[in-house]
Amino acid sequence: MPSITEDVSIGNLGSLQTLPDSFTWNFTAADSLLPPSSATVKEFIPVINLSDPDVTTLLGNACKTWGAFQIANHGISQSLLDDVESLSKTFFDMPSERKLEAASSNKGVSGYGEPRISPFFEKKMWSEGLTIADGSYRNQFLTIWPRDYTKYCGIIEEYKGEMENLANRLLSCILGSLGVTVDDIEWAQKTEKSGSKMGRGVIRLNHYPVCPEPERAMGLAAHTDSCLLTILHQSNMGGLQVFKEESGWVTVEPIPGVLVVNIGDLFHILSNGKFPSVVHRARVNQTKSRISIAYLWGGPAGDVKISPISKIVGPVGPYLYRPVTWSEYLRIKFEVFDKALDAIRVVNPTN
Ligand SMILES: C=C1C[C@]23C[C@@]1(O)CC[C@H]2[C@@]12CCC[C@@](C)(C(=O)O1)[C@H]2[C@@H]3C(=O)O
Ligand SMILES: O=C(O)CCC(=O)C(=O)O
Ligand SMILES: [Fe+2]
């Protein structure tokens, strides 16, 4: 039977009444939402008030146990979160042909398209997104929004700036829980001395349209983020799930004004595996569409190598990972996907 899937454009998913075969996932027991039979209590990732006097300890525990947490009192204004959410809605509400005017030309890095991890999966994901990785978004905004161009670029610039400051603040606190400071990181000193602005952040606007059969579809398949840490704003619709060894998939219920933070692979490397990157995914919904805005923070600007912090490794070692730049790591990630950390590991787990 010919497949109808070839004609399905991700820009129109929300209008489909049936789930095409290419979007139908064959879930195994391990993919299920159900925790192992031993786990009886519903679990929640910690919600941490950044003004709490114990914030360092709380962040450290959350990173060790979950690799993810939610933050309140983070200093990002609700109006900025609303603005970036409404910009995203305006974009995704446009007809497919207009969204395609912002299609990514550089293999899914910047611009509109399906998730970059899509080629690693047999089935397609029930989502679309816009990646803002460099300045090329300005030309795309000018094409799709000639009138509101300045306003929308302003929102993105402000969001990037605020997120970068917050990411730096989180980095300091999380490192504090490991007994180190940013001064113990070679690249942080270098970038500070050279006066260059820290930070390479990528914004990914994700849209998960309503889905006729959500239990057989996947919004964004299980993955870890490649960056140091991700700060995620999710609309009032849940869908994000994080994986915890003893509990299985745990849903992160949205709390208004609260942001989610995920530990990424670069932090895993920096902490020499003490704070592992968290596997997470996004499920979809039959009645309400969902928007999420991820800020993936890669740390230092320029081609700086990230390696385990010597003070964390200790005098006898071992250093588990070799130094990599973010761009080198991304290249490896998009070659071997979930084996990327293994690919740069210098000491075998059995050694
Ligand atoms: C810098 C990047 C990280 C990212 C791939 C990308 O080139 C741009 C988008 C990022 C994103 C967002 C959604 C999930 C993810 C796994 C993906 O497919 O694209 C991440 C990538 C990542 O962290 O590896
Ligand atoms: O939409 C979500 O909740 C998750 C998004 C995500 O994991 C990402 O953009 O990397
Ligand atoms: Fe992610």
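This is a predicted model: local features need pLDDT of at least 70, side-chain atom pairs count only at pLDDT 80 or more; totals for chains, interfaces and linings use all residues.
**Entry 1, ligand 2**

I began with ligand 2 and asked which residues are around it. I found Asn206, Tyr208, Leu220, His223, Asp225, Leu232, Leu240, His280, Ala282, Arg290, Ser292 and Ala294. I then looked up the polar atoms beside the oxygen atoms of this ligand, and noted that a polar side-chain atom of tyrosine 208 lies 2.6 Å from an oxygen atom of ligand 2, that arginine 290 places a polar side-chain atom 2.7 Å from an oxygen atom of the ligand, and that for asparagine 206 the corresponding distance is 3.0 Å. Of the 290 Å² of accessible area that ligand 2 has on its own, the protein covers 96%.

Turning to the elements behind this shell, I wrote down that strand 5 (201–208), strand 6 (220–223), strand 11 (280–282) and strand 12 (290–297) each supply at least two residues, and that strand 12 gives the most, with 3 residues. I also checked where the ligand is placed, and the space taken by ligand 2 is the largest pocket.

I next asked how many residues surround ligand 1. The count is 13, and the closest are Arg116, Ile117, His223, Asp225 and Ser226. Going through the polar distances, I noted that a polar side-chain atom of serine 226 lies 2.4 Å from an oxygen atom of ligand 1, that arginine 116 has a polar side-chain atom 2.6 Å from an oxygen atom of this ligand, and that isoleucine 117 takes part through a polar backbone atom, 3.1 Å from an oxygen atom of ligand 1. Taken alone, ligand 1 exposes 460 Å², and the protein buries 97% of that.

Ligand 1 sits in the largest pocket. The elements that give two or more residues to its shell are strand 5 and helix 9 (326–336), and the largest share, 3 residues, comes from helix 9.

Leaving out residues up to four places away in sequence, I listed its contacts as Gly273, Phe275, Pro276, Ser277, Tyr321 and Leu341. With one of these, serine 277, I also noted a polar approach, in which the side chain of histidine 268 reaches the backbone nitrogen of serine 277 at 3.1 Å.

Notes: Residues are numbered from 1 along each chain as its sequence is written. Chains are lettered from A and ligands numbered from 1 in the order in which they are written. Side-chain values use heavy atoms; hydrogens and water are left out. A polar contact is a pair of N or O atoms within 3.5 Å; within protein, one must be able to donate a hydrogen and the other to accept it, and residues adjacent in sequence count only if both atoms are side-chain atoms. Contact means heavy atoms within 4.5 Å. A residue is near a molecule or strand if one of its heavy atoms lies within 4 Å of it. Accessible areas come from the Shrake-Rupley method with a 1.4 Å probe; for residues, only the protein chains shown count as cover. On a 1 Å grid over the protein atoms alone, a cavity is a set of points where a 1.4 Å probe fits but cannot get out, and a pocket is an open set with protein on both sides within 12 Å along at least five of seven lines; lining residues have an atom within 4 Å of a point. A molecule sits in a cavity or pocket if more than half of its atoms lie within 2 Å of its grid points. Helices (H or I, at least four residues) and strands (E, at least two) are DSSP runs, numbered from the N terminus.
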